[in-house]
Amino acid sequence: MGQKLKITGWVAAGAFAGALTTVSLQTVARGATAPLPLEELQQLAAVFGMVKSDYVEAVDEKKLITDAISGMVAGLDPHSQYFDKKAFKEFREGTSGRFVGVGIEISQEDGLVKVVSPIEGSPAFRAGLKPGDLITKIDDTAVKGLSLNDAVKRMRGEAGTKVLLTIFRKDESRTFPVTITREEIRTQSVRGKVIEPGYAWVRLSQFQERTVSDFVKKIEEIYKEEPNLKGLVLDLRNDPGGLLDAAVAVSAAFLPSNVTVVSTDGQLAESKQVYKATPADYQRRSGSDPLRGLPAALKTVPLVVLVNEGSASASEIVAGALQDHKRATLMGSQTFGKGSVQTVRPLGPDTGLKITTARYYTPSGISIQARGIVPNVLIDETAEGSPYAALRMREADLEKHLSSGQGPEVKDPEREKARDEARKRLEEEAKKPPQDRKVPEFGSEKDFPLVQALNQLKGQPVLASKTQVIVENKQEKEGSNKEN
């Protein structure tokens, strides 16, 4: 990304079960700091000594120190984190789109791990796991009560080792065990196709190291199949984020050269940056522009961007940039609102600290943090509505979340009312047969938001949302704008 990203640590833009992405950078010297609070440090040392000498069992000194560091960092916000050796390795794996595991995209449902989709060709795919399967146990550990991140850690491991998953398949009302041998997985973050003559769909599920090259390749394939493209749908639904440079590059693919894509602001001088639609701001390595192979028509093709509550961080950067520059019509649901920058600073050869160092701002200067991006057209998940959207967690719901920085937040009572109504609908929905509760796969003929996006591109009537409530963190007038 040129000199702009050659700052301390690594910069990440992601919200997911576990860290997603980084950009490797160089460490610079810190400026002078305020005097350390000696009395509090003496208390910390005293507690350390008491635990070591008085606790009922002997404790490991190194573990006490790392636990103290972890607790200190975890108290800052939901995204700052201390990485031990194992966590640091997993963090690095996420940057490349490669990891050792079983090969499934997952979410949570009723406290269990739900298979969203097995990755094609993966061990889970070959074992016959299906979308909608629920994982109830990982080896001998019950999944109920585990965080999604903990479940992911238990399913990952060394290549060639085995993991026993207990599966509940709702459609067949049966539970069965599946033994899967772990292997290296290469995730595919870009999918796409020509849906019908003149119109195409491209989905980004994550922003990784290979996303930009895969995106360019997919666009080239689409234009080869359909040279006279009349409209394109860029699908960022459930995209949890990833590499900042990849987000800038994808935005630049559609925007005029050198316009602002996103800016950042924090305490350090290095955190005050403006990223533009120029190779200097998105190239990860020296060489030619990674977007050079894109057809010129991509800059002007009519564009709709689909987003939802699962669109976070890097995907919000893209959505905000394309919306602010009036390059695309945003459709779907209000996004997650993860608008903070995490810098990863190595503490040694195999440990590190991921710490929030700045907030992201759209080209018009609006903070993404705890707000998200509101689409131009609100669209429901199905023709019957989005009855459970109000129940979904957003950044503003997370404990100790960072504020937008543009005035105090005011909780919206309308959302709490909507949540109560959604809970009642969920209870009724649970009584229906499983086949009647499925949401169609993204990109399928029954994908309601995609159908509405195509209608928008064709100038046909669009069925706007019947159920959605916008989450507004209302601001004081004095803090409603930010200058970059």
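Buried here means under 20% relative accessible area. With that cut-off in hand, welcome to a quick tour of this predicted model. Its protein chain has 484 residues, and 48% of them count as buried. The secondary structure comes to 11 helices and 21 strands.

**The chain as a whole**
- The protein chain exposes about 23,800 Å², and carbon and sulfur atoms supply 53% of that area.
- Take the contacts between residues at least 6 apart in sequence: 71% of them join residues at least 24 apart.

**The open sheet**
- Reading across the sheet, the 6 strands come in the order β11-β12-β13-β17-β18-β21, with mixed pairing.
- β11 (190-196) and β21 (377-378) stand at the edges; each has a single partner strand, so one side of each is left without a neighbour in the sheet.
- Strands of a sheet pair through backbone hydrogen bonds, either parallel or antiparallel.
- β17 (residues 303-307) and β18 (residues 329-332) run parallel and are joined by 4 bridges.

- Helix α11 (residues 448-458) lies across β11, β12 (199-204), β13, β17 and β18, and runs at about 160° to β17.
- Why is α11 described as largely enclosed by the rest of the structure? The reason is that 8 of its 11 residues are buried.
- Those buried residues are Phe448, Pro449, Leu450, Gln452, Ala453, Leu454, Asn455 and Leu457.
- The strands that the buried residues of α11 pack against are β11, β12, β13, β17 and β18.

**A nonpolar patch on the surface**
- Four leucines, Leu36, Leu38, Leu41 and Leu44, form a nonpolar patch on the surface.
- Together these leucines have about 420 Å² of accessible area.
- Leu38 belongs to helix α1 (residues 38-54).
- Is Leu38 buried or exposed? Its relative accessibility is 58%, so Leu38 counts as exposed, the cut-off for that class being over 50%.

Conventions. Residues are numbered from 1 along each chain as its sequence is written. This is a predicted model: local features need pLDDT of at least 70, side-chain atom pairs count only at pLDDT 80 or more; totals for chains, interfaces and linings use all residues. Side-chain values use heavy atoms; hydrogens and water are left out. Two strands pair if DSSP finds at least two bridges between them. Helices (H or I, at least four residues) and strands (E, at least two) are DSSP runs, numbered from the N terminus. Contact means heavy atoms within 4.5 Å. Axes are lines fitted to C-alpha atoms, for helices over the stretch in contact, and angles run from 0 to 180 degrees between N-to-C directions. Patches are made of residues with over 30% relative accessible area and no salt bridge: like charges are joined within 9 Å, nonpolar side chains (Val, Leu, Ile, Met, Phe, Trp, Tyr) within 5 Å. Accessible areas come from the Shrake-Rupley method with a 1.4 Å probe; for residues, only the protein chains shown count as cover. A salt bridge is a side-chain nitrogen of Lys or Arg within 4 Å of a carboxyl oxygen of Asp or Glu. Buried means under 20% relative accessible area, exposed over 50%, partly exposed in between (1.4 Å probe, protein chains only).
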